[in-house]
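Hi everyone, thanks for making time.

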Amino acid sequence: MQAMPDYDVAEPLDTDYYSVFANIPAPDREVWNRARAFTAEAMPQMNDYWERAEFPAHLAKRMGSMNLLADGLDVPGLDLMSPLGAGLVNMEVSRGDGSLGTVIAVQGGLAMRSIALFGSDAQRETWLGPLGRGEKLGAFALTEPDHGSDSVALETTATLDGGEYVLNGEKKWIGNGSVGDVTVVWARDDAGDVRGFLVEQDREGYDAETITGKASLRAIHQARIRLNNVRIPKANLLPGARTFKDTSRVLVATRLGVAWSALGHATAVYEAALNYATQRTQFGKPLAKFQLVQERLTYMLSELTSMQLHCVHLAGLDAAGLMRPTQAAMAKYHNTRKARELASIARDMLGGNGILLENHVIRHLLDIESIHTYEGTQSIQTLLIGRDVTGQSAFA
């Protein structure tokens, strides 16, 4: 019996048709190389963790030890990454695996950013270092079972009782919410304003259940959290977060990170398709010699290049303090849509081999479904951009 051929479709090709990354500064190149080294270390492990739906906590800690978790935030003891450097880390880690990319989004993009933007000096000193180094895991609890896209309508409450707040409510789809150390919980105070609270996950009344049955991002745990009279000291209130507009500042920053993550996924599936086309022989010649295959690869490359331009340009605006919220919405809207499309094309180009985890494409295809949804669905991004360009709000 003839042995089945093996295909190495995961070899990085550094695709950059427009030389978008040719002149990036040396510090950004260094952090990208560091992320590349981590990805090479982690990738051989991820299919197994993904298939078993297990969270590789040691890899989250490893990212912290390599200063890959801070998402461009200023953390004492860690080298500061530029918006471009942080984006390249997001891209590179997501090129390897979406669950690990989501660890960065949750840890740095959401939990740490909430503390960095709105925390007291004492809160920042207590949490940012351990979270940035991966010694502690953080979560961000905004979404509720009945409030996703309309998260502004959240129902979780925080009632002041003497020197403590008492939290009650439910949250859902909370990354690290059942396996972490601290959760940033968004709740309404006695005045009805949305405020942020630091809730240690070992507090009495904090009941977190890992959500099972997922077919996407299987190697990171999301939780459904029930808060039953959870008592926290007043000192756990994030003093700088006073309305939902403050919450939105965190989400806007993270949306650009999601656009970079989508670029990483798209890079992975394009390069898998190109690698496969050069290695797979059918009808006596490599797939790469077929006109239809070349047309598909050209289309994928053109869309991938567009995604790169979105990310790099917005990183420059972000660094200059000029990025508007709807521009971040546009980047997420464009890049997650294109990542889904490119993953579907790549899956088809690999034929039956496209559904094997060993060839990675199916894992990326399924994981993209989650990043397409979180931090604001396509529909929500559409309405944000539509309101900006027309001056008319279509929100209820």
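This is a predicted model: local features need pLDDT of at least 70, side-chain atom pairs count only at pLDDT 80 or more; totals for chains, interfaces and linings use all residues.

Before we pick out residues, one term: when I say helix, I mean a DSSP run of H or I with at least four residues, and helices are numbered from the N terminus.

The protein chain has 10 helices and nine strands. Along the principal axes, its C-alpha atoms fill a box of roughly 80 × 50 × 40 Å. How does the radius of gyration fit a compact globule? For 396 residues, such a globule would have a value near 21 Å, and the protein chain has 21 Å, so the two agree.

If you count charged side chains, you get 38 positive and 47 negative ones, with the centres of the two sets 3 Å apart.

Now, who touches whom? Take the contacts in the protein chain with a separation of 6 or more: 75% of them come from residues 24 or more positions apart.

In soluble globular proteins, nonpolar side chains tend to be buried together. Here, the largest nonpolar core has 72 residues. Which residues have the most contacts inside this core? They are Phe21, Phe38, Met63 and Trp260. Several helices give two or more residues to the core, among them helix 1 (26-52), helix 2 (57-65), helix 4 (98-118) and helix 7 (291-319). Helix 6 gives the most, with 14 residues.

Apart from neighbours within four places in sequence, Phe38 is in contact with Leu59, Arg62, Met63, Met66, Leu68, Val93 and Leu100. There is also a second, separate core of 24 residues, and it includes Phe118, Trp127, Leu128 and Val182.

Back to Thr39, as promised. Is Thr39 buried or exposed? Its relative accessible area is 2%, so Thr39 is buried. Residues up to four places away in sequence aside, Thr39 touches Glu92, Val93, Arg95 and Gly96. Thr39 and Val93 are 54 residues apart in sequence, yet their C-alpha atoms are 5.8 Å apart in space.

Thr305 is found in helix 7, and with a relative accessible area of 5% it is buried. Leaving out residues up to four places away in sequence, Thr305 touches Tyr17 and Tyr18. Along the chain, Thr305 and Val20 are 285 residues apart, while 8.3 Å separates their C-alpha atoms.

Next, Leu110, which is found in helix 4. Leu110 is buried too, with a relative accessible area of 5%. Beyond its neighbours within four places in sequence, Leu110 is in contact with Ala105, Phe140, Val250, Leu251, Thr254 and Glu375. Gln294 is another matter: 184 residues from Leu110 along the chain, with 40 Å between the C-alpha atoms.

For a strand, let's look at Arg226, in strand 7 (residues 222-233). Why does Arg226 count as partly exposed? Buried means under 20% relative accessible area and exposed means over 50%, and Arg226 has 26%, so it falls in between. Setting aside neighbours within four places in sequence, Arg226 is in contact with Gly169, Glu170, Gly205, Tyr206, Asp207 and Glu209. Arg226 and Gly169 are 57 residues apart in sequence and 6.1 Å apart in space, C-alpha to C-alpha.

Last stop: two loop residues with a positive phi. Asp71 is found in the loop between helix 2 and helix 3. Its phi is near 55°, a positive value in a residue other than glycine. Asp71 has 12% relative accessibility, so it counts as buried. Leu217, in turn, lies in the loop between strand 6 (206-210) and strand 7. Leu217 is not a glycine either, and its phi is positive at about 45°. At 1% relative accessibility, Leu217 counts as buried.

Notes
Residues are numbered from 1 along each chain as its sequence is written. Side-chain values use heavy atoms; hydrogens and water are left out. The radius of gyration is taken over C-alpha atoms; the globule rule is 2.2 Å times the number of residues to the power 0.38. Contact means heavy atoms within 4.5 Å. Lys and Arg count as positive and Asp and Glu as negative; His and the chain ends are not counted. The place of a charge is taken as NZ of Lys, CZ of Arg, CG of Asp or CD of Glu. A nonpolar core is a set of buried Ala, Val, Leu, Ile, Met, Phe, Trp, Tyr and Cys residues joined through side-chain atoms within 4.5 Å. Buried means under 20% relative accessible area, exposed over 50%, partly exposed in between (1.4 Å probe, protein chains only).
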